[in-house]
Amino acid sequence: MLGDTAIAVHPEDPRYRCLHGKFAVHPFNGRKLPIVCDSILVDMNFGTGAVKITPAHDPNDFEVGKRHNLEFINIITDDGKINSNGGPGFAGMPRFKARVAVIEALKDKGLYRGDQNNEMRLGLCSRNNEVIEPLIKPQWYVNCKNMAQQGLDAVIDDKNPKIEIIPKQYAAEWQRWLENIRDWCISRQLWWGHRVPAWYVMLENDKLKEIGAYHDQWVVARNEEEALEEANKLFAGKNFQLFQDPDVLDTWFSSGLFPSSVLGWPDDTDDFKAFYPTSVLETGHDILFFWVARMVMLGMKLGGDVPFSKVYLHPMVRDAHGRKMSKSLGNVIDPLEVINGVTLENLHKRLEEGNFNPNELITAKEGQKKDFPKGIPECGADALRFALVSYTAQSDKINLDIQRVVGYRQWCNKLWNAIRFAMTKLGDDYTPPAAIDPAAMPFSCKWILSVLNKAISKTVLSLDSYKFSDAATALYSWWQFQLCDVFIEVIKPYFAGQDPTFASERKFAQDTLWLCLDYGLRLLHPFMPFVTEELWQRLPSKADSVRKESIVISEYPSPVESWTNDDVELEMDMIESVVKSLRSLRSQLAPNERHERRAAFVRCRTTDACAIIKRHALEITTLASVTFLNVLSENDVVLVGCMVDVVNEALSVFLIQSGSINVEAELEKLRKKTEDTQKQYDSLKKKTSASGYQEKVPVHIREVDEMKLASLLQELLSFKEATVHLERENSKS
């Protein structure tokens, strides 16, 4: 009441129509209170229908004050006492005692008409449950209009953009924020932070003695000495005291100065000249405006240029269910607990040490028990790092599943095993060659170097374009599916029993294996720094070169043009297709027969396919774990008692089965494959037969469609042949 500056009534309330435009008199200080009409705030059917307005201490009244141009009078100090604006009878009194005192004073004046209980919303502090008192306080603002325009142009200028935002879709968010920017309040009423460099000049004859009582008595300076000098100029010949503003700068203002202040700004240092502007900023997309835009605006204003040329925005980490991490849900994942591992009991213990209320604690524990019933296993920093990088393909958020991190921990074990295998095959006296000649190498070595070269190209290109997930996928695929699953397996015959016929292949395999591990570990190092450092140090060094002390300062791999061999890769694709089909047939055997090695047949319908399969029978028998591979032409007869699978239009595979074949089941599988292929053929045939196809479709696309049609037709013929074979088997049985 002591800060009331008006009384509001509803414009259609007949009780007060005669008072529109009139004034009431404040009972304690004689202030004239205008009676204003406000249909937004006032409900004429509630209470008396007349509402006292305290613009400085109520959010709704604040809006009324702005609508009716009322006076804003603050009556409460920062420590909850009545200030001098409250009048001599109440100044210095704590707020709750003042409320009682006001009622008693009204009674003494004979103006008290009683009270009535009404429900209301009361703001309480979440930490101590104290009643929150809304205050308006003088604040320091930055006019951002011109700076925002400069920051906007730095990103969206079509001709000369100075900053690139990655991913690109966030440029629209940047534009939305900066086009609708307001003045920026940079002062905060906190105890920590950079103190506002402003001093209040309190004159000896000032009637109001609170800091900031008069808005025109502030000076801004670097230090108190400069502030005193400025105050003497403005208030020459007057006695005064200087008081520094107790407020601190907004955290985002202080951190907005980071790119320049760390280099010595505002001094013109050598570091600032050499390193400003910087190159790349990496941060979360949720603070694109709050931090990044502020750094750009302040950097351009104070540093003379944008603070960085690229902004990479990473996704926000959420739990496996896509929920935002919250203490009350108990789904907060501490990276250290993923790295080191933690039991469910210790997860609960961490919650108990927090400031949860009992209900929140129960909910949080239930959430942890559901998500981590056995706690979190130890995963290590490398597995967590690789998982997070792999997740960046999700763009705006990462639904972090701990089991995926566990999977990458197990993959780290596979890297260890690959190195252990290599060290046993290289031997203690192995020395890497100074140079290699892929043309002289056996097929498998040519292939692994070619796919390694493509993995290098893909990784480097992805890193350069900030597509970190693509780089991680390329590396994982090469290590897992090409090096470990294929190359290491396919070279094992070279080392079996030290067969002299494989002496040359064995030496080439050693050199290639060393080369793959050296390049592969250096490629992987940014993603898994610890395990790659440990394993790289174990590799032997070249005799004619000085080894770097650490993998982190070794040269990052770049593509080697002579390694690429597309013909070899095409042949390996055919080999892997045959192996996949043979493994598929093996998986259909009875459980007690699946690990038995047995003979297999490959029927080839083209001379090229036949030549390739014959050349690489050793690779196929090794990878498919068969005892013998018989390559048949299209007209050769297959032994009775074989399972069959169609690889493609040129190849079919047969695996000898010791027991009887479930012909009906095999025929059903072929029938389904035939139906699927027939649908693809019919759909493509309809497309190519449509009116205008020849005129509208480019030549290169028509050629691809024709090749695809021929391939599908050949597959259908292969399925038909396999069906005839099985039906013949059925009739003989």
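Contact here means heavy atoms within 4.5 Å, and helices (H or I, at least four residues) and strands (E, at least two) are DSSP runs numbered from the N terminus. This is a predicted model, in which local features need pLDDT of at least 70, side-chain atom pairs count only at pLDDT 80 or more, and totals for chains, interfaces and linings use all residues. Residues are numbered from 1 along each chain as its sequence is written, and side-chain values use heavy atoms, without hydrogens and water.

Select helix α5, residues 224-234. The helix lies across β9, β10 and β11, running at about 140 degrees to β11; axes are lines fitted to C-alpha atoms, for helices over the stretch in contact, and angles run from 0 to 180 degrees between N-to-C directions.

Next, show the strands. An open sheet of 3 strands has the order β10-β9-β11, with antiparallel pairing (strands pair if DSSP finds at least two bridges between them). At the edges are β10 (218-220) and β11 (240-244), each pairing on one side only.

Now select tyrosine 466 and phenylalanine 468. Their ring centres are 6.0 Å apart and their planes at 80 degrees, so the pair is edge-to-face. Rings of Phe, Tyr and Trp (its six-membered ring) pair if their centres lie within 6.5 Å; planes under 30 degrees apart count as stacked, over 60 as edge-to-face and the rest as tilted.

Move to tyrosine 494 and phenylalanine 502: with centres 5.4 Å apart and planes at 55 degrees, the pair is tilted.

Finally, select Phe386, Tyr408, Trp411, Tyr476, Phe481 and Phe527, which ring pairs link into a cluster.
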